[in-house]
Amino acid sequence: MSLDFYYASGSPYAWRVWLALMHKRIPFAWKLLSFDAGDLEKPGFRSINPRQKVPAIDDDGFPLYESAAILEYLEDKQPEPRLFSTDIKERANQRRLIREADAYFAEAMEHLLDSVTEKKPVDAGPMREEIARWESALAGDFLAGALSAADFTLYPMAALVERVATRKPSRPTSSRHDSPHGWREWRRSTSCRKPGRRTGNSRHWSDTGAMT
Ligand SMILES: N[C@@H](CCC(=O)N[C@@H](CS)C(=O)NCC(=O)O)C(=O)O
C-alpha cells in the first residue's frame, strides 16, 4: 500500500496537500515533477491528471487531483487528526473559507504572479483588498476554530504573496501589525504548526514559508 504525492516546487496547491499529509502523518512517496522539463505533459502523469497540473496523488492505484478534493479524500480515508471540524457549522465555515480562498484569494494571487512573471506593471490593489478582507475576518488563532484545512489552504498562498512582496517594491502586504489576532499572528501560528518544523522535513518549502 503506497500513496504517491505528485508535486512541483513552488506550487501553493501542492504545499496544501503536503501540509495535510504531514498533519495526518500519512506515509507517502514524493514524486517531484519539473515544469521546465515538461514532466506534467508526459503520458505517465497525464494518466494521473489529464489537466496536467500539480498536485495529484495516486493512492494505491487510485489517482486523484484538485487539492481541495484531495484534502477531503484524506479526511475520509483517515479521519484523525482532523482537517475539518466535527461541528457542522464550524465545518461549513471551513469549507466556505476554502472556496473563498480558491476563488478570490487565488485569483488575486495569480494575477499578481502573472504580472511579476511577465514583467508587467503590478497592480497590487486587488491583492491588498483581499488580504484586508481576510485580516478583518480573523478572530482567533486560526481561520475557523482549530487548525484546519482552511488554514492549510490559505497559508501557502499567503506565504507565496509575502515572498513576492518582499522582492517587489509595491508590496501588497498587511497594514495591520497591532492586532493580537492579526494577519501576521495567524501566519506565525500556522507556520509554527507546520509539520516541516516538527519533523525537519521541509523539502522544497522552507520553514519560513519561502519556497525553493
Ligand atoms: N485547482 C488546482 C490548481 C492546480 C494548479 O494550478 N497547479 C499549477 C501549479 S501551482 C500547475 O500545475 N500548473 C501547470 C500548468 O498550468 O501548466 C488545485 O487546487 O489543485
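Me: Which residue is the bridge partner of aspartate 4 in β3?

Reply: The partner in β3 is aspartate 58. This is a predicted model, in which local features need pLDDT of at least 70 and side-chain atom pairs count only at pLDDT 80 or more, while totals for chains, interfaces and linings use all residues. Residues are numbered from 1 along each chain as its sequence is written.

Me: What makes β1 and β3 a pair?

Reply: Strands are DSSP runs of E with at least two residues, and helices are runs of H or I with at least four, each numbered from the N terminus. Two strands pair if DSSP finds at least two bridges between them; strand β1 (residues 3-7) and strand β3 (residues 56-59) share 4 bridges in the antiparallel sense, and they therefore count as a pair.

Me: In which sense do β1 and β2 run?

Reply: Strand β2 (residues 29-32) runs parallel to β1 and is joined to it by 4 bridges, with aspartate 4 standing opposite alanine 29.

Me: Why are α1 and α3 called roughly parallel?

Reply: Angles, taken from 0 to 180 degrees between the N-to-C directions of axes fitted to C-alpha atoms over the stretch in contact, count as roughly parallel under 35 degrees, roughly antiparallel over 145, roughly perpendicular from 65 to 115, and oblique otherwise. Helix α1 (residues 12-23) and helix α3 (residues 67-77) pack at about 10 degrees, with their axes 9 Å apart, and are therefore roughly parallel to each other.
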